[in-house]
2 protein chains.
Amino acid sequence: MASQGGHKTCKVVTAEAIAKNLLVEVKETLAKVQGGNQAKPTLVAFLANDDPAAVKYAEWSKKTCEDNGFNFELRNVGKELLEEEITKSNEDDAVDGTIVYYPIFPGNPTHDKYVQETVSLEKDVEGLRHKYLYNMYHNVRFMDPPENKKKSILPCTPLAVVKILEYLQIYNPILEAGNRLFGKTITVINRSEVNGRPLAALLANDGATVYSVDVTGVQLFTRGQGIKQPRHQVEDKEGWSLEQCLPMSDVVIGGVPVESFKVPTELIRDGAVCINFSSYRNFDGPAVKEKAAIYVPSVGKVTIAVLLRNLVRLIANREPKGAAEKGTVQAREEAFVDG
Amino acid sequence: MASQGGHKTCKVVTAEAIAKNLLVEVKETLAKVQGGNQAKPTLVAFLANDDPAAVKYAEWSKKTCEDNGFNFELRNVGKELLEEEITKSNEDDAVDGTIVYYPIFPGNPTHDKYVQETVSLEKDVEGLRHKYLYNMYHNVRFMDPPENKKKSILPCTPLAVVKILEYLQIYNPILEAGNRLFGKTITVINRSEVNGRPLAALLANDGATVYSVDVTGVQLFTRGQGIKQPRHQVEDKEGWSLEQCLPMSDVVIGGVPVESFKVPTELIRDGAVCINFSSYRNFDGPAVKEKAAIYVPSVGKVTIAVLLRNLVRLIANREPKGAAEKGTVQAREEAFVDG
């Protein structure tokens with residue numbers, strides 16, 4: 001109406017609102033997957049460093065688990081005992097999923113990678129095992145082709161951003177699943193192996209044109225003209241920077257883990273969607289609200305909701321024990337038609 | 001999944017599917033508005049020319065009316081008797097809405113305009129009365145401020161395109177009503193007073209950046225940076241053509257009433273949404289399907305569904321006769337929260 005015309009044109013969406021929504025879905029799926037079984041699933045977390053961010057994440061995870069009908073067990077272990085403890089948890093039927101807080105060996109990512117591979121595939125709630133990462137990069141969505149009943153596990157923070165984009169209806173449900181970002185241009189600022197690169201790959205696999213930006217330069221991730229390729233391909237954009245990427249982008253995702261970094265607001269397209277997944281504020285809040293259509297200031301709580309979603313998926317993926325009689329397989333099929 | 005990767009990346013959405021959806025909503029709204037009253041609403045159509053397109057439109061309207069619980073009465077009248085017949089229908093309580101097929105006086109649009117003003121505001125199902133057009137251009141959505149219970153009537157073809165964009169989820173329901181196209185860039189090819197110009201205005205009023213293109217040039221319709229203006233403003237884009245507009249456009253809407261005209265596919269953005277409202281095919285179908293994310297080849301059936309939607313709105317807008325007892329006012333409020 002004519003009288004509206006105010007200044008509140010930017011919708012600020014909190015991680016909390018999105019997480020709440022996801023947790024309802026997680027609980028419903030768990031009930032379907034478990035059938036009559038009322039046992040609380042158990043997530044075991046290994047803390048082998050004293051990173052305050054890890055401690056905080058563990059506290060939030062514990063609270064979210066307990067509020068939503070999951071057990072959460074934090075195990076403080078020395079680095080030298082970690083592999084042995086992970087192995088025990090792999091073999092323990094009372095443990096449904098395992099999370100390890102990295103880095104364990106700062107400055108030695110190969111050693112961390114080794115630790116990641118010790119978590120059994122059936123308990124890797126973070127989707128960090130090579131098999132899961134391979135599937136993600138190659139746009140392989142199931143563990144058991146051609147049955148396609150067991151979905152592959154995706155890493156939590158990148159998947160949290162996907163779930164946020166679904167909630168914001170940037171994924172267009174009118175399009176076929178797997179193509180729902182077709183036509184969208186997205187800039188992801190950060191290309192770490194843990195977050196930025198998997199995120200760029202996921203978004204491009206779903207049909208987006210993705211500019212992946214870090215201090216070393218810009219890469220373009222796409223499935224090609226008309227998204228005719230089955231998975232994304234990567235191309236270097238020599239000489240490009242945020243100056244070229246941002247004015248074209250429908251969605252701008254910041255994940256730079258540095259307090260001083262700010263996305264230059266003047267380059268952002270009027271009406272863009274801006275999402276920050278860094279623990280620092282990558283956007284200048286007041287300025288971005290004058291320009292963006294939607295602003296999501298943080299994603300942490302969604303990441304934890306996704307962690308529980310992955311845990312329920314691991315449970316659903318397990319070989320059903322007498323499931324045929326209980327209709328569990330059927331429930332699993334219905335519960336996991338989505339991404 | 002990796003094996004999909006085929007060529008069917010363009011979703012073709014028919015006017016029929018969208019109309020079907022709208023007609024369900026129309027019937028539900030009618031039931032609410034009428035309360036216990038089962039009377040079929042009556043739409044009267046005046047045909048005073050022998051335009052074959054008008055005859056065809058009348059036939060479709062009749063069929064759609066009858067399939068959906070409305071009476072449709074086609075009245076063939078001579079041009080010289082038309083004003084008198086419209087006046088009679090204005091005064092006839094058995095008539096709920098009136099439609100007139102234009103042009104009546106080809107080459108004399110002022111005379112047609114005069115005829116349009118003879119239809120009473122309460123029966124103008126096409127929203128062509130000056131009051132309705134004024135409201136549309138000025139982004140005034142209600143007839144009775146400050147109560148805001150009686151919604152203004154919008155012209156059928158432009159509103160049909162709006163309803164299509166809602167169905168396709170280009171309108172983002174996450175955003176506040178009235179701002180749901182914020183961040184979208186749309187090219188409308190056609191700037192006629194009947195269709196193209198009102199459509200560009202409607203889309204810009206809802207927050208889009210709209211390039212309105214015809215043979216005389218390009219105009220930009222927007223509510224300004226950050227959509228802070230209460231209604232659209234228009235700016236000439238000197239020297240611009242489709243070459244500048246199309247590569248930036250998320251949505252391309254063709255309405256050129258000429259068989260030979262085709263939107264140049266090579267200029268359309270990969271993953272765009274393409275909608276044709278011309279009675280000719282403005283897009284090269286096979287080529288556009290290789291590039292667009294969504295293609296809507298025609299809108300006619302949606303226009304007729306919108307005609308019935310407008311008719312129900314006129315009925316809801318009438319002074320309630322003893323409505324307080326029947327809860328009609330309440331029903332009306334619930335039924336018309338949307339655009």
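Me: How much area do chain B and chain A bury between them?
Reply: This is a predicted model. The size of an interface is often given as the accessible area lost when the parts come together. Of the area buried here, 49% is on carbon and sulfur atoms. For chain B and chain A the value is about 3,600 Å².

Me: How many residues of chain A are in contact with chain B?
Reply: Contact here means heavy atoms within 4.5 Å. On the side of chain B, 47 residues take part. On the side of chain A, the number is 47.

Me: How many salt bridges does the rule find across the interface of chain B and chain A, and how is the side of chain B that touches chain A made up?
Reply: One salt bridge joins D250(B) and R269(A), with the closest N and O atoms 3.0 Å apart. The rule finds 4 salt bridges across the interface. The residues of chain B that touch chain A divide into 16 nonpolar, 18 polar and 13 charged.

Me: Which helix of chain A do the buried residues of α4(A) pack against?
Reply: Helix α4 of chain A, residues 109–118, has D112(A), V115(A), Q116(A) and T118(A) as its buried residues. They cover an arc of only 155 degrees around the axis, which puts them on the same side of α4(A). The element they pack against is α3 (82–91) of chain A.

Definitions and conventions: Residues numbered from 1 in each chain as written. Chains lettered and ligands numbered in written order. Predicted model: local features only at pLDDT ≥ 70, side-chain atom pairs only at ≥ 80, totals over all residues. Heavy atoms only, no water. Buried area = accessible area lost by both parts, 1.4 Å probe. Salt bridge = Lys/Arg side-chain N within 4 Å of Asp/Glu carboxyl O. Nonpolar A, V, L, I, M, F, W, Y, C, P; charged D, E, K, R; others polar. Buried < 20%, exposed > 50% of the residue type's maximum accessible area, 1.4 Å probe, protein only. Helix = DSSP H or I, 4+ residues; strand = E, 2+ residues; numbered from the N terminus. Arc of directions from axis to C-beta.
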